[in-house]
Amino acid sequence: MRLMDYSGPELIARICLSEDSATKNRLSDKNVLLISGNTISLIYSDCIQEFNLTGECKFFDNDTVFVNSYGNISLMFSFAEYSQTIVVTNKCNSNCIMCAYTSSFRRDTIDTDANYILEQVVYLPDHTEHLVITGGEPTLKDLAFFKLMKAIRDRFPRINCLLLSNGRSFSIDNICQQALTSFPKKTLVAIPLHASYPELHDRITQSSGSFKQTIIGIKKLLSLGIAVEIRIIAFAYNHADIINIARLIDNELHGVSIVNFMAVEMCGNSAVNSSDIWIDYNSAFSACEAAIDLLISSGIDVGIYNFPLCSVPHKYIGLYRKSISTYKVRYGEVCSKCCRKSMCGGVFASSLKYAVPEMKPFKENE
Ligand code: SF4
């Protein structure tokens, strides 16, 4: 959907499908897009602009949308959901060879504005229970990032907050202290560990010193009582080292809340570097098995994400999560014959062409 010939500022707004809904949102000072018949009224500050509705409205009452400077409207927060995501920045201090964004995208896109980051908190639905904070690397926004976390904590004191970070910033004492005073109480910092030793991890992140910073960051967060999840993404470059990553976690990173094993998403840098990245799901999961067994035997919780169910041996089914966002999930043609499709999380859209030869439908009673 688009506001034709729009010439106003970029802004966040609530979709309203009735006057009543528009009045409620205006009373709490929110920008509004009131859709009535074939007309869209954009109401913000003390301006009202009217546009013809072109095409079908795919939004629902109280959805939050972003209007860009060309008048394009995109969904930010679906009102029907209890889990939402805030993207703090596209910038990152690493450039992982399997990042789902290309390095040119991260380098060339305009960085997010501090006010825009904070304003998103105002538009989160009241019933939000789970919030993902992601980037790029969110901590690079420094002041705006910590203001964001504090604003979330003030508005939603009991929210479950998942912060996706490469962990490097937390090697700095001052950053850890600010985390302590601003993060919502139930914040889990999810940090990927790509290898058990500096040379390989730094080659994957293409950032010298990143392994050391990440390990120090994880230890500092744990020492302050901030919950940490470690993510192990299994791909061609690191699969032979995954058992050693598990040993490192077991020996040195005491107190992590969970270790999640993940299949790679084949877009962005992953697609550019596909010959170095792709490994079939069965081989990727095989490389994780001994590591999973080791961590479980040490009493560490484990999860399995982004793998198709047919690549996960039955004994690990209890750890399996349907984890890929609905709009990114794809299944192969053979999946229509699979009697466990409803339990399977499928594969990333960008990984489908690599996955299809491996998909093996479950038969009745299997
Ligand atoms: S065949 Fe398809 S639906 Fe069945 S487990 Fe494999 S990927 Fe999932």
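Let's start with Asp-29, which sits in the loop between helix 1 and strand 2 (32-36); helices (H or I, at least four residues) and strands (E, at least two) are DSSP runs, numbered from the N terminus. This is a predicted model, in which local features need pLDDT of at least 70 and side-chain atom pairs count only at pLDDT 80 or more, while totals for chains, interfaces and linings use all residues. Residues are numbered from 1 along each chain as its sequence is written, and side-chain values use heavy atoms, with hydrogens and water left out.

Back to Asp-29: its phi is positive, about 65°, although it is not a glycine. Asp-29 is also exposed, with a relative accessible area of 67%. Here buried means under 20% relative accessible area, exposed over 50%, and partly exposed in between (1.4 Å probe, protein chains only). Asn-306 has a positive phi too, near 70°, and is likewise a residue other than glycine. Asn-306, though, is buried at 10% relative accessible area, and its place is in the loop between strand 13 and strand 14.

That loop also holds Cys-310, between strand 13 (302-305) and strand 14 (329-330). Cys-310 counts as partly exposed because its relative accessibility is 26%, and partly exposed runs between the buried and exposed cut-offs. Leaving aside neighbours within four places in sequence, Cys-310 is in contact with Asn-282, Glu-358, Met-359, Lys-360 and Phe-362, where contact means heavy atoms within 4.5 Å.

In sequence, Met-359 and Cys-310 are 49 residues apart, but their C-alpha atoms are 6.6 Å apart in space. Met-359 lies in the segment after helix 12 (352-355) and is buried, with a relative accessible area of 10%. Not counting residues up to four places away in sequence, Met-359 touches Cys-310, Tyr-331, Gly-332, Val-334, Cys-335, Val-347 and Leu-352.

Both residues also belong to the ligand's surroundings: the shell includes Cys-310 and Met-359, along with Cys-335, Cys-338, Cys-344 and Lys-360 among others.

On a 1 Å grid over the protein atoms alone, a cavity is a set of points where a 1.4 Å probe fits but cannot get out, and a pocket is an open set with protein on both sides within 12 Å along at least five of seven lines; lining residues have an atom within 4 Å of a point. The largest cavity has a volume of about 90 Å³, and of its 13 lining residues, the closest to its centre are Cys-310, Cys-335, Cys-338, Cys-344 and Lys-360. Grid points are joined across faces, edges and corners, and a volume is the space filled by probe spheres set on the points.

Elsewhere, the second largest pocket holds about 200 Å³ of space. Of its 14 lining residues, Arg-14, Asn-25, Asn-62, Phe-79 and Asp-126 are the closest to its centre. Helix 1 (residues 19-27) gives the most to this lining, with three residues.

Terms used
Near = heavy atom within 4 Å.
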